[in-house]
Amino acid sequence: MNRKPFFAYRSFQKEFDAMREFHAAGVNQFCVFPAHTTNSLGEPYSEYPPTWLAPEVYDFAPFDQQIEDVKKISPNPEILCMVDLNSPSWLVRRLNVAHCGPADSFLSLTDALSSPAWFEATCNYMESLIRHAEEKYGHLIQCYILACGTTDEWMDYSNGRESLQKLNRYREWVKARGEAEPECIPTYAQRFHAPHNGLRDPQQDADALRYWQFHSELVADSILRFAGAARALIPEGKEIGVFYGYVLELGTKRLVQAGHLACDKLLASDQIDFLISPGSYQDRELGGGGGFMIPNGSIHLAKKGYLHECDHRTHTANLELTSYIKLTWMPLLWKNETEDIAGLRREFCRSLFHGTSLWWFDMWGKFFTGRETLREIARFKQIWDRLADRNRQPDAEVALFVDPASLRYVNDESENSFAGAIMPPLLRCCNRLGAPYRVYTLADLPRIPDLDRFKLVILPALYEVTQEKRALLEQYLFRKNRTILWLHGAGLSDGERWSEAAMEELTGFPLDASGGPVSRGSWFSASCPQSDALTPGILRDLARSAGVHLYSDSPLPVWASEDLLMVHSAAAGRYEIHLPRQAAKVTELFSNRIASEQSDRILCDFDGPGTLLFELQYR
């Protein structure tokens with residue numbers, strides 16, 4: 001994965017004027033999407049005609065036209081090709097009538113994935129499209145993005161309900177684990193039983209916990225089956241990506257049910273080259289830090305890529321899909337072009353500091369129309385060409401570890417569920433820490449080469465601490481005078497029984513108690529039971545006591561690497577940034593002005609909402 005990260009343009013619409021503007025700004029990478037299905041509003045995903053017309057009947061002329069339309073704007077483009085694996089409506093009807101079971105992959109992904117007839121038909125279509133694409137445009141296509149499930153993001157909206165084909169797959173999966181085959185899938189009441197204030201019990205709900213693990217692994221295994229078939233048809237070095245692994249974002253009715261809790265399996269496979277997600281929807285307002293839905297540190301460890309989708313609605317964004325569909329419920333968080341530029345700069349920097357690819361998603365058109373905005377895109381591209389690197393990561397002393405297996409304990413079905421109150425409030429605080437942080441899954445612990453750099457470690461929702469996990473914690477985290485911050489119910493289950501006493505023995509705090517840091521011998525323990533009770537001030541005090549270098553005395557989003565530093569602010573003001581050592585020269589890259597010389601301080605002056613990006617030279 002040594003190539004330069006992607007910097008691309010994408011839209012659902014035929015936004016030819018915007019494409020020309022992006023090409024004039026130096027962008028030569030464009031996404032095409034030969035689609036045959038409708039979106040969550042029932043509207044066609046593509047303005048081009050469908051490509052999959054009937055069983056084994058394909059018309060790739062609309063796909064060719066998409067490529068040719070791009071070539072009219074950019075004669076030799078680099079193409080990111082999305083592949084629509086969702087079910088055309090005729091396929092849904094035919095498979096149901098033929099008693100092959102539910103096959104609406106958009107609304108009931110795991111039902112479709114469990115159907116051999118659906119998989120065969122869909123894989124045949126994918127392979128035919130890729131063969132055609134490689135024969136005619138292989139020299140242009142850089143990657144294939146396999147899209148399926150709700151909103152093409154491999155999300156399941158079936159509530160985990162039973163179907164015959166899914167029961168058969170579940171029995172096969174259980175048998176492969178060496179366990180007795182179940183008679184049925186857990187009932188609705190069993191699937192969403194959660195006796196401990198919204199959390200499942202390892203004994204009472206053992207079947208449900210096992211089933212929800214199967215549910216996510218079915219999605220991940222199916223992605224890998226499709227990717228393996230695609231891999232056999234494309235040249236070495238051409239990449240495959242998917243939208244998957246949103247463990248930092250999903251909440252009510254999706255945290256567990258969407259099927260995104262097997263991201264470690266995809267990261268361990270050589271069939272997938274990169275993962276994709278939109279920028280976090282939870283902290284997009286000015287002054288927020290934006291963010292990713294997938295643990296970026298894990299992606300680096302697995303030597304994978306990540307594509308950050310900037311679909312943030314600017315003040316000019318079109319929200320009128322048709323005369324009947326107006327997205328008035330989607331607020332425009334940025335109110336003018338000054339705010340647009342401040343927010344877009346922040347998202348650009350977020351990608352730059354985390355070594356991700358980036359595409360600008362002009363979703364329904366008119367997202368990028370302002371003259372100053374387009375000049376910014378051109379400036380971004382110049383900086384990107386010089387500095388973007390897939391290996392770049394924040395120079396962090398704070399790490400957050402999420403455990404997908406523990407998240408299975410959460411009942412995400414109820415509207416009153418706290419599923420959405422775990423990660424987003426925590427990440428909002430981390431974004432205002434005034435220092436960078438990294439995010440991993442717990443399984444990464446033995447593989448992090450520079451683990452000792454982390455002075456403050458945050459462990460949210462670590463409900464299940466088995467003997468194996470306890471050994472990992474003791475070997476890798478409980479040392480070096482490190483501070484551990486526990487959030488909400490750490491260690492309440494050991495995988496076999498529920499025990500509040502076990503939690504207190506592990507953390508030093510009883511359930512729902514907050515406090516610390518308290519010495520535990522070779523490490524310090526702190527507790528904040530509810531994420532929404534954590535504040536940037538509390539987190540900053542913990543970080544400071546742990547010896548973390550805080551770049552700002554104010555709760556600002558700050559990202560730093562060895563040679564770069566970003567500061568974002570929602571309002572006018574002057575802020576002093578403290579570098580860890582003296583820099584010979586500091587240059588602000590958006591304005592190309594020298595900010596300081598021979599100093600370990602940078603004065604940041606904002607005359608309104610803004611984002612500053614500094615290049616640091618220490619010699």
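Figure 1. Strand β14 covers residues 482–487, and six of its six residues are buried. Buried means under 20% relative accessible area, exposed means over 50%, and partly exposed lies in between (1.4 Å probe, protein chains only). Helices (H or I, at least four residues) and strands (E, at least two) are DSSP runs, numbered from the N terminus. The model is predicted: local features need pLDDT of at least 70, side-chain atom pairs count only at pLDDT 80 or more, and totals for chains, interfaces and linings use all residues. Residues are numbered from 1 along each chain as its sequence is written, and side-chain values use heavy atoms, with hydrogens and water left out. Arg482, Ile484 and Trp486 point one way from β14, while Thr483, Leu485 and Leu487 point the other way. Two strands pair if DSSP finds at least two bridges between them. β14 pairs in the parallel sense with strand β13 (residues 456–460) over five bridges, and Pro460 stands opposite Leu487 in β14. Between β13 and β14 the chain passes through helix α15 (residues 467–477), and this β-α-β crossover is right-handed. Right-handed means that, with the strands pointing away from the viewer, the path from the first strand over the helix to the second runs clockwise. Strand β16 (residues 523–527) also pairs with β14 in the parallel sense, over five bridges. Here Trp486 stands opposite Ser527 in β16.

**Figure 2. Asp403 in a loop.** Asp403 is found in the loop between β11 (398–402) and α13 (404–407). Its relative accessibility is 6%, so Asp403 counts as buried. Leaving out residues up to four places away in sequence, Asp403 touches Leu442, Leu462, Glu464 and Lys469. A contact means heavy atoms within 4.5 Å.

**Figure 3. Two nonpolar cores.** A nonpolar core is a set of buried Ala, Val, Leu, Ile, Met, Phe, Trp, Tyr and Cys residues joined through side-chain atoms within 4.5 Å. In soluble globular proteins, nonpolar side chains tend to be buried together. The largest core has 193 residues, and those with the most contacts inside it are Trp154, Phe348 and Trp360. Helix α8 (residues 206–231) supplies the largest share of this core, 14 residues. Not counting residues up to four places away in sequence, the residues that Trp360 touches include Phe7, Tyr9, Phe22, Cys310, Phe348 and Phe380. Another core, of 21 residues, lies apart from the largest one, and among its residues are Ala399, Phe454, Leu462 and Leu473.

**Figure 4. Asp152 and Trp154, two residues with positive phi.** Asp152 is not a glycine, although its phi is positive, about 65°. Phi of Trp154 is near 55°, also a positive value in a residue other than glycine. Asp152 lies in the loop between β6 (141–147) and α6 (164–176), and the place of Trp154 is in the loop between β6 and α6. Asp152 counts as buried because its relative accessibility is 2%. Trp154 counts as buried because its relative accessibility is 0%.

**Figure 5. Helix α14 and its cysteines.** Helix α14 (residues 423–431) is mostly covered, with eight of its nine residues buried. Among the buried ones are Met423, Leu426, Leu427, Cys429 and Cys430. Cys429 has a relative accessible area of 5% and is therefore buried. A disulfide is a pair of cysteine sulfur atoms within 2.5 Å. The closest cysteine sulfur to that of Cys429 is in Cys430, at 7.0 Å, so the two are too far apart for a bond. By this rule the count comes to zero disulfides.

**Figure 6. Strand β21 and its antiparallel partners.** Strand β21 (residues 610–617) is mostly covered, since seven of its eight residues are buried. Strand β18 (residues 564–569) runs antiparallel to β21, and six bridges join them. In this pair Ser569 stands opposite Gly610 in β21. Strand β19 (residues 573–588) pairs with β21 in the antiparallel sense over four bridges. The bridge partner of Glu588 in β21 is Phe614.

**Figure 7. The cis peptide bond at Pro517.** A cis peptide bond joins Gly516 and Pro517, with omega about 10°. Pro517 lies in strand β15 (residues 515–519).
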